[in-house]
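Open the model in your viewer and keep the sequence panel beside it. The stops below say what to select and what is found there.

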Amino acid sequence: MRNLLISLLTMSCGLTMGQSALKPKISTSADALEKKVVAWRRDFHENPELGNLEFRTSKIVADHLRSLGIVVQEKVGVTGVVGILKGGKPGPVVALRADMDGLPVTERVDVPFKSKVMTEYNGQKTGVMHACGHDSHVAILMGVAEILSSMKNDLAGTVKFIFQPAEEGVYDAKLLKDGKSGAELMVMEGVMENPKVDAIFGLHISSVTEVGKIGYRSGATMAAVDQLGIKLKGKQTHGANPWSGIDPIVTAAQIVMGLQTIVSRNVNITENPAIVTVGAIHGGIRQNIIPESLEMIGTIRTFGTEQRQLVHRRINEVATNIAESAGAVADVKIDTGYPVTYNDPALTDKMIGTLEAIAGKANVNVQPVQTGAEDFSFFQQKVPGLFFFLGGKPKGQTSPAPHHTPDFYIDESGFTLGMKSLASLTVDYFEMNAVKATDLQASKSKKDKKSK
């Protein structure tokens, strides 16, 4: 029995030392890969593809993973790519995720790799641009795959690389599969199984966070998002005789203002923010005709189940009752979108030390909740996850362009920190959980001895 305990202790210490010894190699490899990752990112940036149309991007990713000896699954969630790297030692399964799609935005940034891709969206000609940094995410994760595959025999676990399409949704309903897309569809198709994932990590480049810094938040981090649609039916009449009809345009204006009172008067915003935004109103055809009907569309952002239910209920009540008071009829439809992006507190607490060790404690900061939304949340519904923000704003810049805008710009010097972060989180998670498994084996052996 004494020899068994000595053997188990040796295994535990050896594993810890082995995993820790990988850190310098991760750092060196990430630095060496910087130019390669930047080149990948610029290529993706110059050739963006919309949701579920990432055929070129996914082929480049799949070919790269295969060249590293990683087992590859293609066409997961339509155009998604999944790579599985089994380490040389037993251990847990960690998933790392990058999203691949661009946006219908015409780029204004004057860079040599500026996107010139054009498409038609909602009947309008528009450019296609990586205006949210997904090109950076793909390139960084390709680099991480190269780093971790180079130390395959020393890894105490399995890595699942998830390259996900359609995080921004799709721009043609025909591109949906079973009515779903993106992370939700990949989860439905079993991406978190075979092998079963134990934890997932992901990052998002940020144009408003200085390069070299990392932002995170434990618990609710990004908002749940839902789509709002309201159809108003009034009574058409001549614009010179409004008393002869029921004006849906005036009613819509009253509803827009009424919806704002939900956030200001019904939601306890000292606990969590909420947003109800009407983004478009379509109705009418001529200056002297009051139309019979119109449509309103908008977005809803919330940070909790009860809050979400409250906001949905009040939207329906406000719109319906204001319409009724005007003699009109409101048909309210709310389509549920992404859940809250929720960083598991226990996992976050354990892993933040890894990020602090890489970036420096002063450069890793807790940030406020973000009212943007992320479908990474679907993965987090299945297993504990940590989603953090990687700095991409040039140092000294005071007015960075927001995401989803034509002037969106990223400082590529932050990519090495991204690679080091994801690779080190993986290795540290393996170490923490492998040592725990060894402790359980030792405890079991002690119990077996007592029973004898």
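Start by selecting residues 134–149, helix H3: its 16 residues should span 22 Å at 1.5 Å a residue, and its end C-alpha atoms are 22 Å apart, so the two agree. The expected span of a helix is 1.5 Å times one less than its number of residues. Helices (H or I, at least four residues) and strands (E, at least two) are DSSP runs, numbered from the N terminus. Colour H3 by burial and 16 of its 16 residues come out buried; buried means under 20% relative accessible area, exposed over 50%, and partly exposed in between, with a 1.4 Å probe and protein chains only.

Two notes on the model before moving on. It is a predicted model, in which local features need pLDDT of at least 70 and side-chain atom pairs count only at pLDDT 80 or more, while totals for chains, interfaces and linings use all residues. Residues are numbered from 1 along each chain as its sequence is written, and side-chain values use heavy atoms, with hydrogens and water left out.

**Whole chain**

Zoom out. The secondary structure comes to 9 helices and 18 strands, and the C-alpha atoms fill a box of roughly 95 × 60 × 45 Å along the principal axes. Of the 452 residues in the chain, 51% are buried. Contact here means heavy atoms within 4.5 Å; among contacts between residues at least 6 apart in sequence, 82% join residues at least 24 apart.

**Helix H6**

Next select residues 305–325. This is helix H6, with 21 residues, and it reaches 30 Å from its first C-alpha to its last, close to the 30 Å expected. Which residues of H6 are buried? They are Gln 307, Arg 308, Val 311, His 312, Ile 315, Val 318, Ala 319, Ile 322 and Ala 323. Look down the axis of H6: these buried residues fall within an arc of 135 degrees, so they line one face of the helix. The arc is that of the directions from the helix axis to the C-beta atoms. Turn to the other side of H6 for exposed residues, among them Thr 305, Glu 306 and Gln 309.

Now show the elements that the buried residues of H6 pack against: strands S10 (224–233), S12 (275–283), S14 (293–302) and S15 (329–336), and helix H5 (248–266). Just after H6, stop at Gly 327, which takes a positive phi of about 85 degrees.

**Ile 255**

In helix H5, select Ile 255. Ile 255 is buried, at a relative accessible area of 0%. Not counting residues up to four places away in sequence, Ile 255 touches Ile 230, Leu 232, Met 296, Ala 319 and Ile 322. Draw a C-alpha to C-alpha distance from Ile 255 to Ile 315: they are 60 residues apart in sequence and 9.3 Å apart in space.

**Loops**

Go to the loop between helix H4 (182–188) and strand S7 (199–210), and pick Pro 195. The peptide bond from Asn 194 to Pro 195 is cis, with omega near 0 degrees.

Then select Val 78, in the loop between strand S1 (71–76) and strand S2 (80–86). Val 78 has a positive phi of about 85 degrees although it is not a glycine. Its relative accessibility is 27%, so Val 78 counts as partly exposed.

End at Asp 178, in the loop between strand S6 (156–164) and H4. Asp 178 has a phi near 55 degrees, a positive value in a residue other than glycine, and at 62% relative accessibility it counts as exposed.
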